[in-house]
Amino acid sequence: MKMFDPHIHMTSRTTDDYQAMSNAGITVVVEPAFWMGQPRTHVGTFEDYFLSLLGWERFRAGQFGIRHFCTLGLNPKETNNPDIADGVIALLERYLDKDGVVAVGEVGFDDETPAEAHYFARQIELAIEHDLPVLVHTPHRNKKAGTIRTLALIRESGIAQERVLIDHNTEETLPLVLDSGCWAGHSIYPHTKMDEARMVALVKQYGSERIIMNSAADWGVSDPLKVPKTAAAMRDAGIAEHEIETIVWHNPLAFFAQSARLDIAEAEAPLLIDQRHNWEGNSVLRGQVPQVTTTE
């Protein structure tokens, strides 16, 4: 079964993770722009980061047969820095038209400050202007109240709910999101947010419609193989194969295809590998024999 990890921060991962993900059946990923662990102090650092998502990470994934897409946005935490926020928004107005950008995100709330609300709404406006869907981060604290506020802002924005993916859901937020008409994402972590057993229980209760799951796999303790591991847990729990495939493949494809930059037929086809190629003179290999696949 082909699998799609629709929210994974590969900038934080090693090249060995790409190899392991490929071996496990992951063939498509979306990497959202996010907070890098410490505040950025210059707009130019965002531009270099966006360029790495559009260039180096796309190349690195492709070296293992994985199609890499990204979402671009000013994350909620850094909207509170007035020295950079407007500059990053101006940058986004240029970069959202780039090939490979399949949504605006991650946007949303962290501490639910006025600045966060302002830039959340502004970035939804950018998504509408650029005809892109939106990936929304729900807050780590006061998650239910933050999700209710998020859904209200989305309704006020005028964006169609089916073009919004609200991520990091839990048992208390999932029914709210499904009732809204938005898509519901779940980040599967080793020790927090959501685990395999809880995800299995949610799928048994709510089914697979508009349900998406991901590994997130950031710079903290996380696991880039949580999508295949959770798919295996669903199978062991007796969930039908077609429902598993809907969650790990068809749903994320359908959501991000709304960008018109992810072609479903193309994504279904194998991505040929040629590890003889370099990116800006750099290879992912360190003495290994290059792998090359052909159509033969």
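Okay, hi everyone. Keep in mind throughout that what you see is a predicted model.

First up, α4 and α5. Helix α4 covers residues 85-95 and helix α5 covers residues 114-129, and their axes come within 11 Å of each other, crossing at roughly 10°. The cut-off for calling a pair roughly parallel is an angle under 35 degrees, so α4 and α5 are roughly parallel to each other. Who makes the contact? On the α4 side you have A85, D86, I89, L92 and E93, and from α5 come Y119, R122, Q123 and L126. If you sort that contact by class, you get five nonpolar residues, one polar and three charged.

Now stay on α5 and look at its other partner here, helix α6, residues 143-157. Their axes are 10 Å apart, and the packing angle is about 45°. That makes α5 and α6 oblique to each other. As for handedness, α5 passes α6 in a right-handed crossing. On α5, the contact residues are A117, F120, A121, I124 and I128, and on α6 they are R149, T150, L153, I154 and S157. By class, this contact of α5 with α6 has seven nonpolar residues, two polar and one charged.

H130 sits in the loop between α5 and β5, with β5 being 134-137. Is H130 buried or exposed? Its relative accessibility is 14%, and the cut-off for buried is under 20%, so H130 counts as buried. What does its side chain pair with? The side chain of D97, through a polar contact of 2.9 Å. Leaving out residues up to four places away in sequence, H130 touches E93, L96 and D97.

Look in the loop between β8, 211-214, and α9, 226-236. S222 has a relative accessible area of 14%, so it is buried too. Its side chain makes a polar contact of 2.9 Å with the side chain of R13. A polar atom of that serine side chain also lies 3.1 Å from the backbone oxygen of D218. Beyond four places in sequence, S222 touches R13, Y189, P190 and A217.

Last bit: backbone geometry. As background, most residues other than glycine have a negative phi, and most peptide bonds are trans. Here are some exceptions, if you want to click on them.

Where is the cis peptide bond? From G105 to E106, with omega near -5°. E106 is found in strand β4, residues 101-108.

Then the positive phi values. N142 has phi near 50° and is not a glycine. You'll find N142 in the loop between β5 and α6. With a relative accessible area of 60%, N142 is exposed. E280 is another non-glycine residue with a positive phi, near 50°. E280 lies in the segment after α11, which is 264-268. E280 counts as exposed, at 72% relative accessibility.

To wrap up: α5 is roughly parallel to α4 and oblique to α6. H130 has its D97 contact, and S222 has its R13 contact. That's my bit, thanks.

Terms used. Residues numbered from 1 in each chain as written. Predicted model: local features only at pLDDT ≥ 70, side-chain atom pairs only at ≥ 80, totals over all residues. Heavy atoms only, no water. Axes fitted to C-alpha atoms, helices over the stretch in contact; angles between N-to-C directions. Helix = DSSP H or I, 4+ residues; strand = E, 2+ residues; numbered from the N terminus. Parallel < 35°, antiparallel > 145°, perpendicular 65-115°, else oblique. Contact = heavy atoms within 4.5 Å. Nonpolar A, V, L, I, M, F, W, Y, C, P; charged D, E, K, R; others polar. Left-handed = near helix turned anticlockwise from the far one by under 90°. Buried < 20%, exposed > 50% of the residue type's maximum accessible area, 1.4 Å probe, protein only. Polar contact = N/O pair within 3.5 Å; in protein donor to acceptor, adjacent residues only side chain to side chain.
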